[in-house]
Amino acid sequence: MNKTILVTGGAGFIGSNFVSCERQRNNRIINLDILTYAGNLLNLEQLNGDPDHVFIQGDIRDRELVGKLLKGRQPDAVVNLAAESHVDRSIDSPESFIQTNIIGTYHLLEEVREYWKSLPAERREQFRFLHVSTDEVYGSLGPQAPAFIESSPYAPNSPYSASKAASDHLARAYFHTFGVPTLITNCSNNYGPRQFPEKLAPLMILNAIEGKPLPIYGDGLNVRDWLYVDDHCEALHTVVEKGKPGETYNIGGRCEKTNLETVNALCALLDEMIPTSRHVPHCSLITFVEDRPGHDRRYAIDCSRIRAELGWRAKETFESGMRKTIQWYLDNPAWVHSIKTGAYREWMLRQYGAGKNEDTPQRASK
Ligand code: NAD
Ligand code: DAU
């Protein structure tokens with residue numbers, strides 16, 4: 001039977017891709033998003049006119065609104081993707097991370113608890129609250145250390161990861177204390193269409209297309225584990241359908257790369273996909289800039305559990321996923337143009353040097 005799902009943060013990067021995947025499965029979506037700089041209705045253009053996708057602009061901290069939505073729309077599941085998500089912004093200014101990621105998740109959990117209690121027994125049994133989190137809560141790995149497993153200790157190092165860790169603990173506590181059927185997923189770095197170009201992959205793709213420098217923090221040897229966004233969305237769907245309440249599932253691409261390897265791979269793909277560009281070879285645009293404070297050295301996810309217990313595995317390879325991603329940015333100049341105004345420009349100037357030549361990026365000193 002089709003489900004009604006309340007998705008929070010559904011106008012952001014992963015949220016908009018998740019909502020599209022769920023509509024393809026014919027699940028009804030109530031999409032609650034406050035539309036911060038990262039939320040964008042253009043991300044939902046493909047659903048214009050779809051009566052089974054209802055968008056509501058609002059805050060997960062607004063208890064009255066969330067309560068009304070739950071009572072009025074009667075969802076079978078809530079998937080919480082609303083968040084402040086960028087590590088550099090959390091270093092610049094942690095307040096909104098505390099507000100949305102911690103306080104927001106708390107308010108949402110409280111309203112979900114009330115709603116869940118009011119459901120008839122069979123629906124209460126089937127209801128799910130999926131809290132979408134990150135591998136960054138586990139901290140940083142040494143070069144030879146085994147990948148993070150679900151029981152790895154939490155050791156968050158940035159205001160972002162600390163706020164996500166706090167929200168994970170709340171989701172876990174609502175299961176253990178109140179019985180609310182919460183599930184938590186901790187995923188590695190995503191890439192794909194509609195990602196805001198403050199994050200590594202889209203920033204590098206768009207700068208390279210425009211012939212701008214590609215700013216690599218520190219020595220470029222920090223390692224991230226990459227996953228194509230649709231594979232993440234498929235994993236979230238699987239956890240809602242088959243996951244065991246109270247449990248955590250790690251999600252990752254088994255695709256560890258240094259940032260330098262990632263950027264070089266993107267440059268090589270761009271050389272091949274836009275061979276007539278005057279910026280070929282794009283790797284000549286690579287520039288080393290000051291490191292991120294407290295920069296975690298390595299993340300790697302062991303996703304054996306979700307594979308063994310729920311049967312999920314990633315479908316895209318790094319190359320096939322990055323190729324699709326680059327093609328999307330090439331095919332969507334209107335989206336890129338709309339993003340490259342106001343808030344985004346201000347952030348780039350603050351982060352990589354206000355008043356300096358935009359072509360010589362450096363991290364602005366904090
Ligand atoms: P994003 O920044 O692109 O999107 C976040 C969305 O949440 C935006 O649309 C924003 O408007 C909305 N939002 C923010 N505050 C809100 C509030 N108070 N009320 C309602 N909506 C609000 O983020 P993303 O990259 O899509 O990440 C989504 C979730 O997945 C986050 O929880 C993040 O921690 C997690 N995650 C992301 C990645 C990644 O690589 N991007 C990897 C693992 C986990
Ligand atoms: O691991 C999952 C996390 O991945 C998510 O929880 C976060 O929401 C998401 O933003 C991402 O965090 P990272 O900090 O790993 O992503 P980001 O794209 O900001 O950076 C990836 C790596 O690239 C990191 O080591 C920093 C580096 N970097 C980033 C930027 C923006 C650069 O070298 N230069 C840059 O300009």
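This is a predicted model: local features need pLDDT of at least 70, side-chain atom pairs count only at pLDDT 80 or more; totals for chains, interfaces and linings use all residues.

**Ligand sites and sheets**

Visitor: Which residues are the closest to ligand 2?
Guide: A residue counts as near a molecule or strand if one of its heavy atoms lies within 4 Å of it. By that criterion 25 residues surround ligand 2. The closest are Asp135, Tyr160, Arg292, His295 and Tyr352.

Visitor: What share of the accessible area of ligand 2 does the protein cover?
Guide: Polar contacts here are pairs of N or O atoms within 3.5 Å; within protein, one must be able to donate a hydrogen and the other to accept it, and residues adjacent in sequence count only if both atoms are side-chain atoms. Oxygen atoms of ligand 2 lie 2.7 Å from a side-chain N or O atom of Thr134, 2.7 Å from a polar side-chain atom of Asn189 and 2.8 Å from a side-chain N or O atom of Arg224. Accessible areas come from the Shrake-Rupley method with a 1.4 Å probe, and for residues only the protein chains shown count as cover. Of the 690 Å² that ligand 2 has on its own, the protein covers 94%.

Visitor: What share of the accessible area of ligand 1 does the protein cover?
Guide: Ligand 1 has 28 residues around it, with Ile14, Asp33, Ser85, Tyr160 and Lys164 nearest. Oxygen atoms of ligand 1 lie 2.6 Å from a polar side-chain atom of Tyr160 and 2.7 Å from a side-chain N or O atom of Ser85. On its own, ligand 1 has 840 Å² of accessible area, and the protein covers 96%.

Visitor: Which element gives the most to the shell around ligand 1?
Guide: Helices (H or I, at least four residues) and strands (E, at least two) are DSSP runs, numbered from the N terminus. Helix H1 (13-24), E5, helix H6 (159-178) and strand E7 (189-191) each give two or more residues to the shell around ligand 1. With three residues, the element that gives the most is E5.

Visitor: Why is one side of strand E3 and of strand E10 left without a neighbour in the sheet?
Guide: Two strands pair if DSSP finds at least two bridges between them. The open sheet of seven strands is ordered E3-E2-E1-E4-E5-E6-E10, with parallel pairing. One side of each of strand E3 (53-57) and strand E10 (248-251) lacks a neighbour because they stand at the edges, each with a single partner strand.

Visitor: Which residue stands opposite Arg224?
Guide: An open sheet of three strands has the order E7-E9-E11, with mixed pairing. Strand E9 (residues 223-228) pairs with E11 in the antiparallel sense over three bridges. The residue in E11 opposite Arg224 is Lys257.

Definitions and conventions: Residues are numbered from 1 along each chain as its sequence is written. Chains are lettered from A and ligands numbered from 1 in the order in which they are written. Side-chain values use heavy atoms; hydrogens and water are left out.
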